[in-house]
Amino acid sequence: MFLGTHTPRLDDKHRLVLPARFREPLADGLVITRGQERCLCVWPLEGFRAATAQLAATPLTALTSKTARDYQRLLFAGAHDEVPDRQGRVTVPQPLREYAGLVRDCAVIGANSRVEIWSATAWTEYLAAQEDTFSALSQEVPPGLL
């Protein structure tokens, strides 16, 4: 499980140092791809394989759905796989940096089964915009869960 918020920077070679607590689960390989809200999703390689297996197992109606095809095209066309180096660095390819608006300062957040990479500014704006929604959603959480 990935938890927490970290604030690394992209170096001059467009590498991001993964937070120390995220390195072990990602050490055998990872996939970086587009996420929603203009962030990037980082999946452990095995987690990405499991998610894509679920996509492959969808009913035929999902495979014939334009929405499903569009989603899969964007997900896979932007995907980049690699193994972090000894310092826990990964290179973020230019198309993905452009998609997420990554220049230097980043927010790397744990999102349960995956990691998300945001521009620091976009993450701050997202948090501010979602605070009221988050508070309202707490009313929808099953009693006793939180």
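The second largest pocket holds about 160 Å³ of space, in a predicted model. A pocket here is an open set of points on a 1 Å grid over the protein atoms alone where a 1.4 Å probe fits, with protein on both sides within 12 Å along at least five of seven lines, and lining residues have an atom within 4 Å of a point. Its volume is the space filled by probe spheres set on the points, which are joined across faces, edges and corners. Of the 13 lining residues, W43, A51, L55, Y71 and L75 lie nearest the centre of this pocket. Helix 2 gives the most to the lining, with four residues; helices (H or I, at least four residues) are DSSP runs numbered from the N terminus.

Residues are numbered from 1 along each chain as its sequence is written. Local features need pLDDT of at least 70 and side-chain atom pairs pLDDT 80 or more, while totals for chains, interfaces and linings use all residues, and side-chain values use heavy atoms, without hydrogens and water.

Helix 2 also takes part in ring contacts. The structure holds six aromatic pairs (Phe, Tyr or Trp rings, with the six-membered ring for Trp, whose centres lie within 6.5 Å). The rings of F48 and F76 have centres 5.9 Å apart and planes at 75°, so this pair is edge-to-face (over 60 degrees). Because F48 lies in helix 2 and F76 in helix 4, the pair ties together parts 28 residues apart in sequence. Ring pairs link W43, F48 and F76 into a cluster.

Methods:
Helix = DSSP H or I, 4+ residues; strand = E, 2+ residues; numbered from the N terminus. Phe/Tyr/Trp six-rings, centres within 6.5 Å; stacked < 30°, edge-to-face > 60°.
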